[in-house]
Every structure is written in structure tokens, then in C-alpha cells.
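Let's take a friendly look at how two protein chains meet. Please keep the structure open beside you as you read.

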Amino acid sequence: MIRFENICRDFKVGDEVVHALKDVNQHIEIGEYASIMGPSGSGKSTLLNVLGLLDTPDSGRYWLNGRDVSQLADDDLAATRQEIIGFVFQSFHLIQRMTALENVELPMVLARVAPAERRDRAHQMLSKTGLEDRMNHRPDQLSGGQRQRVAIARSIVMEPKVLLADEPTGNLDTQSGKEVLDILEGLHADGLTLILVTHDPVIGQRSHLHLRMIDGVIQAERRHQQRRPEDDSHAPV
Amino acid sequence: MRLFDRNQMAMTAVVRYPLRSSMLLVAIAIGVAAVLVLTSLGEGARLYVTSQFNSLGTHLLFVMPGKNEVGGLGGMAGSLGGSPRPFTLADVRALGRSPYIDTTTPMVMGGANINYQGLERDIGVLGTTHTMQRLFEYEMESGRFLPELDLDNASPVCVIGDTIARELFGNAEPVGKWVRMGDRRVRVVGALAQGGQSGGHDLDEAVFVPIAFAMQMYNRESVMRMMVEVTSDEAMVKAKKDVQDIIRARHFGHDDITIMDQGTILNTFNKIFLVLTSTLGGIAAISLAVAGTLIMNVMLVAVSQRTAEIGLLKALGARRSQIIGLFLTEAIMLSLLGAIVGVLVGYAAIEFLRYVYPLVDFQAPDWAVVAAVLTAVASGLLFGIMPARHAADLDPVEALAGN
Ligand SMILES: Nc1ncnc2c1ncn2[C@@H]1O[C@H](COP(=O)(O)OP(=O)(O)OP(=O)(O)O)[C@@H](O)[C@H]1O
Ligand SMILES: [Mg+2]
């Protein structure tokens, strides 16, 4: 599904070059639940951006869904993102002037989905994330946890194969963080490939594939063949 | 992205930033309104002049000595070209032979001093015949217009304009009084009603005398020009030809006259006013170009205010063309709204002008309205391209971070 071969990503800051990703090799299977942890500045976000085709590596090759995507032009990258990848951001990135429903419709607007179908699907996704009674609220009328649930609804409405989330609970209190995580894990249970960047060790424990990054390198990789039964406590949503 | 969705998204953005939007709207509206108002001034002036000429009646020919190749306004000045052969009263009579000509009205113009019981003033003198009144439908305050006389009868009578009547006679009746004109005594036979104005002459200040009298007073053998009243519109071409033939025969084969009808005169005026109007419109359009640079700046600000949103759109799979389309639509929408407001404001201002100056028919020509709106929208498009491309070129990661 996802294969990284010698991926490097450098940033120039003034005269200095920061090696955010150094020769990363990694393989992530379809349906996997992966977590990425590591100290600040270790390259987690950079890795996720490259995974999500928001950023292009300086060297190395990247296969996504059986296709080499390291050399794609901007519009092809956009098309691939639209088709395969969903994003959940730490800061939600909802458009303030639009209602929850309209925010969820946005990816379908860009994809030219017909308005009636759009509305239906957005409704479904918002129900799935427990927001059926908040559809016409604007983001500033919602709590942080609710906002992130709107963002999750938006990220899955195009039925992506991979969901990328960069510290999705980073701006939330423990309780709403847990609710958001439950939803994400529920999506994974339904077959979505889930890749999370997190500082929360509990999440690290619960994921199938745990990656630890330090200084632009994946230092350790731990695989749980099966989700541990005692953590399988989330209610399917 | 569907057109409707794109328009809707652009529209919500327009509404979402009311200060920015209204600022742009005002700038563009001023430009558009300026185009409308300025062109309406030019057009109003044109219509005013046209209506003045139309009051001459539709089948008149103006015949002037001298060949004027251009056939334009220069001919109006009469003998400017230095005519080799001026018109005589015999020429005037000869024209009457054409079956297509109703009347021929000769004219001689000059100045004189008029005096009544010590009150005096300088006046413009118009030597002509009684047929003049037919052409211009002068209204009389009292008495009558010049009597029907033989062309060479220099009867010492005159018809005076309203201002002159009041300055010389006050409230007394002028008809029947004798006045001095130069060194001649002339009897007033009529006074014109006030406010008459036609063919560019201010009648309130005019004094009419018989053509032969004027020729004697100015010691000349010829008339300056003739106005030929044709029997009907259909006969215009034939009458023109007759005038040409008759005068040529009398001038030993020389085609040394200029014949103008209202059409050629009006055409000349129309050309002049079209140039005037489009110049005014062009000047106003410059303010639209200025508004265009404002569009560019405002849209650049909009792009920088919304980098995170642009980043999000990119993350969600928006193509370059979609982002360009969004911001261009927004720019065009703003300029179109501005243009609509400008048209409304412009029309309101023109209404006001018409109210203040009811004599002049101010109206913005259709082409100016269309051109103003198109210029506004085109400048929205033109000046929106750069910011839109700027938005589309943003790096998604940096845009999401809000840089
Ligand atoms: N646009 C950029 N320009 C310059 N340097 C950058 C840029 N983006 C990232 N870096 C640098 O690359 C390194 C990795 O950054 P990255 O954001 O991936 O870290 P991170 O692991 O996500 O950290 P955090 O946990 O704080 O989010 C850091 O040293 C950072 O300073
Ligand atoms: Mg990070």
C-alpha cells in the first residue's frame, strides 16, 4: 500500500540545511493502524506531509497504492489526494464562514459531486461522527471536540483509503480527545488505513504498527499482530 | 467544481469581508458612475444641439457661395473660402423657378447701432425676407413679421427682439415707433416674443430688416447665403440638383457653391460630439483602471488572509485551475457588483442633472453603459489574475501553516 524507499527531505533555513527526513524506508500495509511518535522536531509532520502528498521528497521513491508518486505534477498530486487520502489536522482547519454541513460538503464540491448526493453523504458522515444535531452550526458555535469530529467527517466523505492525522487530539481535552480517538479507531475497524502522529503513549500502545522517530530517522518499529483484546473497547460508531 | 458552487463560494467570501468588499465596490462604482455621468454630459449637449437644428424643419437646404470640399462646418461661415462669385438677388429669384423649391430666403448679417429717443445700443442686424418666419415659426409679441415685399424693395421697416424692445421702449408699445439705425430712420412693425431661439441665433437680441435695406445699409451687391425650402422630403435630391444647375448656368459654368442639408450639418455635429463624449468617457474609464489596481491589492490581501483556507483546499484535492477560478470569480464578482452599483448611482446622478437643467436631455449613451460595465469586469479579471495565480502557487504545507 505505502512504500518509502530512501526518502529524504531537507529544509534550508538561511545558510543551514535541516535534514527533516534522512533516508527513510518504510512499508505500511492496507488496513494498518500506524502511530508515529517522537520528540518535537524529529520529522513526524514532515513524514506525514510526504505521505499525504502535500510535500514532495527531495530524493527517494514513494509508492502509493501500487503507483510511483514521487514524480507527479501538482494537479496529479491533487487528484491522488482527492482519491486516496483524507487529512485530519491538529487545528481542525474548518472554514469559519461555512456550517458543519458545508464544511463536510467541501471536498465533494471540489470533486463536482451533485448537490443532492453531496448533502446525503455529508449528512451520513456527520451522523457517523455523532453530530446529527449540529449540522447547521458554524465552527465557532461548536466545541473543540465537535469541530474535530466535523473535520473527521470531512476527511472520510470522499471514502479515502488512507486517513492521516497529525496530532488530532493535540488541541483537545482528555475526554473529547478520547471521543475523537474512538471515532478514528472505529473507522480503522471498518477497514480504513489509519496513520496517526501523536504524543500520547496510550495510542502508541493501541496501534498495530508503532514507529518511533528521532532526528529524521525511524528509529524503532514495533508491530502488534493483533490489537490487544483489552484495548478493543471502543464502541463501533 | 460546478459553476454554481464556485459562484456561491466566491459570493460567501464577498459577503464575509464586508469592509473590504464595500471599499472595492465604492471604487469601482465611482469609476462606472463617472463614465455614465460624463458621457451623459456630452450626449446631452449633442441632443441639445440636434434638437435646435431639428427646429429648422426637415426639408431645408443651406446654400453658400464658394466650394467647400469638406462640406462640413467651415461652409457655415459663408464666404470664408473667398467666393469668386457671390449670390445676387437675381440668383435668389432664379431659384424660385425650380418646381421643387417653395421659398428661397436670402440672408445678410451685420451689426448696427439702434437709437430711440436717446436710448441706444449695438445690435445684430439680419437682412432677410418675410419667408424667414415660415422657416422658423417665430412667435410675435405684437405687430407682425417683415411684410411681403419685392426682393429689391428697401422699405425702412424692422422687427425687433424682445430684449431690444424692452431696453428701448420699456413697457410702451414699440410697434409703429420710428427708431434710428445707423443714419437711417426705420419704423418698427413687429416685436418678437421672448425666448425665441433657433438656428443658433438669439432672437431676443436680433433686429430683422428687409434684405434690400440691409444690402443698402452695408453697401453690398450680394447676399451671404440662402435658405431654400424644398417642397417635400422626397424632392430634396432634385431640389439640390436644381439649385446646382441654376446657379451653374448663372455663374458661367462654375460650380462654386456649397449646398448643405440638415443631415450633413447634423452629421458634422454628431461627429464632433461623439469625439467629445468618448473623450470624456475615456477619461472616466481611467478611474476604472485605477480601481483595477485596487482590485489587485485587495485580492492579494484576501489571498494572504486566507492562506490556511487555500492550503486546506489543496489538501482536499483542489486543482490549480480551481483555486485560480475561485479567486478570479471573487474579483469579477466584486467588480460586477461595483459596476451594477455604479450604473445605479450614475443613473441617479443623471436624473439629478436633468432635474437641475431641464432644458438639456442628459442621457448616458447605451454604448457607454455597456463599455463601463465591461471595462469594470475586464479590470476585475485582468487585475484578479495575478493574486489568483499567487494563491494557486502557494505551497500546501506552508499555506496550511498559515504562512
Ligand atoms: N518549512 C520548513 N522550513 C524549515 N524547516 C522546517 C520546515 N518544516 C519543518 N522544518 C524543520 O524540520 C524538522 C522536522 O520538523 P517537523 O515539523 O516534521 O517536526 P515534528 O516531529 O512534527 O515536530 P512537532 O512534534 O513539534 O510537531 C524540524 O527541525 C523543523 O524545524
Ligand atoms: Mg509536527
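Predicted model: local features only at pLDDT ≥ 70, side-chain atom pairs only at ≥ 80, totals over all residues.

The domain assignment divides chain B into two parts: domain 1 spans 3-52 + 268-400, while domain 2 spans 85-255. Taken over C-alpha atoms, the centres of domain 1 of chain B and domain 2 of chain B lie 55 Å apart.

Now to the interface. On the side of chain B, 24 residues are in contact with 25 residues of chain A. Together, chain B and chain A bury about 2300 Å², and 60% of this is on carbon and sulfur atoms. Within chain B, the residues that lose the most area to chain A are Arg2(B), Leu316(B) and Arg319(B), which together make up 25% of what that side buries.

There are polar links as well. Two salt bridges are found across the interface of chain B and chain A. A salt bridge joins the side chains of Asp5(B) and Arg118(A), at 2.7 Å from N to O. Eight residue pairs across the interface of chain B and chain A are in polar contact.

Which helices of chain B each supply at least two residues of the side that touches chain A? They are listed here:

| Helix of chain B | Residue range |
|---|---|
| α1 | 3-16 |
| α9 | 307-315 |
| α10 | 320-356 |
| α12 | 396-400 |

The largest share of that side, six residues, comes from α9(B). By class, the side of chain B that touches chain A has 13 nonpolar, eight charged and three polar residues.

Conventions. Residues numbered from 1 in each chain as written. Chains lettered and ligands numbered in written order. Heavy atoms only, no water. Domains from an automatic or database assignment. Contact = heavy atoms within 4.5 Å. Buried area = accessible area lost by both parts, 1.4 Å probe. Salt bridge = Lys/Arg side-chain N within 4 Å of Asp/Glu carboxyl O. Polar contact = N/O pair within 3.5 Å; in protein donor to acceptor, adjacent residues only side chain to side chain. Helix = DSSP H or I, 4+ residues; strand = E, 2+ residues; numbered from the N terminus. Nonpolar A, V, L, I, M, F, W, Y, C, P; charged D, E, K, R; others polar.
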